[in-house]
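Hi,

Here is the structure I promised to pass on. Please open it alongside this email, as my notes follow below.

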Amino acid sequence: MRVSWPNFRMLALSSRLSGRSIVNYVTALLAIAAMTAVLFPFRPHLDILNVALLYLIVVSALSLVASTGPSSIAAVVAFLCFDFFFIPPYYTLTVARQDHALALFVFLGTAVLVTQLTRRARAHTEEALRHGRQTATLYDLSAALIGEIGLDDTLAAVVKRVWTVFGLDGCAILLDEHGELNGRAVEGDILISVTDPNLLALGRWVVSHRQIASLGATRAKLRPPGPPGQHASWNFALGLRDRDVLLLPITTRRRSIGVLVASRRRGRPRFDEEESRLLATFANQAALAIERCLLTDEQVNAEILTRSDQLKSALLSAVSHDLRTPLASIKASATSLLQTDVNWSDEDRNELLEAIDEEADRLNQFVANLLDLTRIEAGALQPAFDWYDLREIIYDAVNRTERARGGHPLQLDLPEHMPPTKVDYIEIAQVLINLLENAAKYSPEGSPVSLTLRVRARAAEIAVSDQGVGLPAGEEERIFDRFYRVEAPNRPIGSGIGLAIARGFIEAHGGKIWAERNRERGITVRFTLPLAEREHAMVASMSGDKAERSCR
Amino acid sequence: MPVRILVVDDEPQIRRAIRAGLNAHGFEVEQVDTGESALDAIALRVPDVVILDLGLPDMQGTQVVREVREWSSVPIIILSVRGDERDKVQALDSGADDYVTKPFGMGELLARIRVALRHVSREQSREPILQFGELRIDLPRRMVTVGGREVHLTPTEFELLTELATNAGKVLTHQMLLSRVWGPESSESTHYLRVYINQLRNKLESEPTRPRFIMTEPGVGYRFREEPLP
């Protein structure tokens, strides 16, 4: 009985011949040839069924290790070899006996079945693996995004993560800000500038159509982003010939947030459906995180607006009082001196002039405080950190408050050794001035004011103590509120912003400030400034170059 | 011939006050209110000292300094407001000689003017021995004494002290000190400079945290006092 060639094309699933798959095909064929060569000498002693089983083992083994194409080919070749070499009449493809024909086709059927089953199992495994990978990367992204608070940090985290996970050459986010796309985060080399008008035009198209656009590495002429299918193929004349670029919309249900740009050089794997789907999922995930940041920013802005309104009204009342008082005395003194009909004694004239000078200083101090407070309230403090000896700043502040401290003796308690501290000199001096002035202002003439500096674990602690009117219990926190003023018998002049500024400055230095009621009378205001471990080390290494030789 | 001073400020009240104060001390004062007219005045009438406000309506004060320094070494004293440390440093590094922070006392401005004038006349003849109160610096012999007691300085400390003392009364920015003492290509940090200043103070001052000679100008640099604090 002659059996004609069955149509095996279905087995040889189309798969492009790459270098690697050629190796696989050759291996598969060699395996069958080897089996044939091994069995051939024993042909007289072997039962047909045994031969079929042995071939089957090879085919099954191949289907496990090689991909579908090579294993299918192996099945067919095994079938042919089996027929040609082991089924009489030998060296023909014809089959004489019916039971041989049956064995032959049972073999073929089993081989095909095994190959198909393995293929399906493999497909399932791959699917599961891919799924696992996607879940893991998405999880990574969300985990990375949860930690980020600021918008810029979040954008940077998304871009960096996408760039790493997908092995991109370049990645960027164009943020939709009031209808304008702005490149806000870039990782790697995206080649085209994020300000390129063509890129932005395509970005706008992506945003408004909420569709993915891909720029192939083809040499196709520039054509407008057309809607055929999910991918609008569009190519720029400039600079893109050697890379694939994918633009994905970042949107939430409520608004469009921007565009995720991913690019890869030619020669690296091109973006496939699978990848662009996963990128889109990434973009959605990122959209939620970015929206959260935008909402927080907007909320903060709204809060700042209300707070600055409150601040303005409080300022107005403080300003009207605290600006006018020194102005009034300057005006009075100056006009007195201008009077032509009075013969001022030198002493009187000096007193008036000194009043003008002092009140002008007070005005200047007040304006400086207002400016500082405004900067603190606006969150615009940027301390100019540098290394200083706190004792030097303390002496400076003490000198500059000489007049304001008037008749209060000052007790200074400073340590013998002090590591340099990284601070903004002007701000810390201002804090000390405010504390010393307050201490003098709220305590009876002649009562002492003390200032103590101590080095604690990882922090310098400064305490300013007075023996004044003190504080009602429970007010220790409130004195740091702006415009808060202690009710004192004869209320001293003050705007109630000195301590608010002190707190703003100290917190900008990463320190803490608080007030304590003294056991007997008055209060102590303490603040800390962090001393980094590093600072000690640095100082030690710096003084190391004392090795330099002394000269005469 | 009286010393001629050019005052550049767009506030008429400030100009009036400065002019009155300077006239009373025998200075001849010319006033202008823009950067452009300041450049003209300096080029045409060659004042002895320029007092320049950093916030002019038509150009940045720093820009004026830079343009003047291309063809003139006339002393320039900057007027600025508190909080402008970065601008001050920029103007000083561009070639301004000193600064006064508004609001300032007339005494302070006059002191700066005197220092600036002195440095012009001293530029040719550098005195070999400098004396500031108890502190005596013998430049050729590289010898420093405080109250007759000799103080041993390392070569770098000596260079730093010389730089400060020969510019006594004048502010020197961190950048100036670093490049003049450690060389123009110096990449050392201000922290490095601070360590040397501390070493100098430890050797020269009786109370190093309460300096009498080397004063800190926060955010800007250092100033060597011409007349040490008591």
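**Helix pairs in chain A**

In this predicted model, α11(A) packs against helix α12 (residues 498–508) of chain A at an angle of about 150°, and their axes are 9 Å apart. Angles over 145 degrees count as roughly antiparallel, so α11(A) is roughly antiparallel to α12(A). The crossing of α11(A) past α12(A) is left-handed. On the α11(A) side, the contact uses E427(A), Q430(A), V431(A), N434(A), L435(A), E437(A) and N438(A). On the α12(A) side, G498(A), L499(A), I501(A), A502(A), F505(A) and I506(A) take part. By class, that contact has seven nonpolar, four polar and two charged residues.

Another pair to look at is α2 (residues 48–65) and α3 (residues 68–86) of chain A. These helices pack at an angle of about 165°, with their axes 9 Å apart. α2(A) and α3(A) are therefore roughly antiparallel to each other. Here the crossing is right-handed. From α2(A), the contact residues include V51(A), Y55(A), V58(A), V59(A) and L62(A). From α3(A), they include A74(A), A75(A), A78(A), F82(A) and F86(A). The contact of α2(A) with α3(A) has 13 nonpolar residues, two polar and no charged.

**The sheet in chain A**

Chain A has an open sheet of five strands, in the order β8-β10-β11-β13-β12. The pairing is mixed. β8 (410–413) and β12 (513–517) of chain A are the edge strands, each pairing on one side only. From one strand to the next, the twist averages 15°. Inside the sheet, β11 (residues 459–465) and β13 (residues 523–530) of chain A run antiparallel and pair over seven bridges. In that pair, V464(A) stands opposite V525(A) of β13(A). α9(A) packs on the sheet and touches β8, β10 (449–456) and β11 of chain A. The direction of α9(A) makes about 170° with that of β10(A).

**Where the chains meet**

Which parts of chain A touch chain B? The contact takes 21 residues from chain A and 23 residues from chain B. On the chain A side, α8 (346–377), β7 (386–388), α9 (390–400), α11 (425–441) and α13 (533–543) each supply at least two residues. The largest share, four residues, comes from α8(A). By class, this side of chain A has 11 nonpolar, three polar and seven charged residues.

**Chain B**

Chain B holds eight helices and 12 strands. Of its 230 residues, 34% count as buried. Among contacts in chain B between residues at least 6 apart in sequence, 56% join residues at least 24 apart.

**Backbone points to check**

- P88(A) and P89(A) are joined by a cis peptide bond, with omega about -5°. P89(A) lies in the loop between α3 and α4 (98–146) of chain A.
- K102(B) to P103(B) is also a cis peptide bond, with omega near -10°. P103(B) sits in the loop between β5 (98–102) and α5 (106–122) of chain B.
- V46(B) is not a glycine, yet its phi is positive, near 45°. This residue is in the loop between α2 (35–45) and β3 (49–53) of chain B. V46(B) counts as exposed because it has 11 C-beta neighbours inside 10 Å.
- R142(B) also has a positive phi, about 50°, without being a glycine. R142(B) is in the loop between β7 (135–138) and β8 (143–146) of chain B. With 14 other C-beta atoms within 10 Å, R142(B) is partly exposed.

Best wishes

Definitions and conventions:
Residues numbered from 1 in each chain as written. Chains lettered and ligands numbered in written order. Predicted model: local features only at pLDDT ≥ 70, side-chain atom pairs only at ≥ 80, totals over all residues. Contact = placed C-beta atoms within 7 Å. Nonpolar A, V, L, I, M, F, W, Y, C, P; charged D, E, K, R; others polar. Pairing = 2+ DSSP bridges. Axes fitted to C-alpha atoms, helices over the stretch in contact; angles between N-to-C directions. Parallel < 35°, antiparallel > 145°, perpendicular 65-115°, else oblique. Left-handed = near helix turned anticlockwise from the far one by under 90°. Buried ≥ 20, exposed ≤ 12 C-beta atoms within 10 Å, placed from the backbone.
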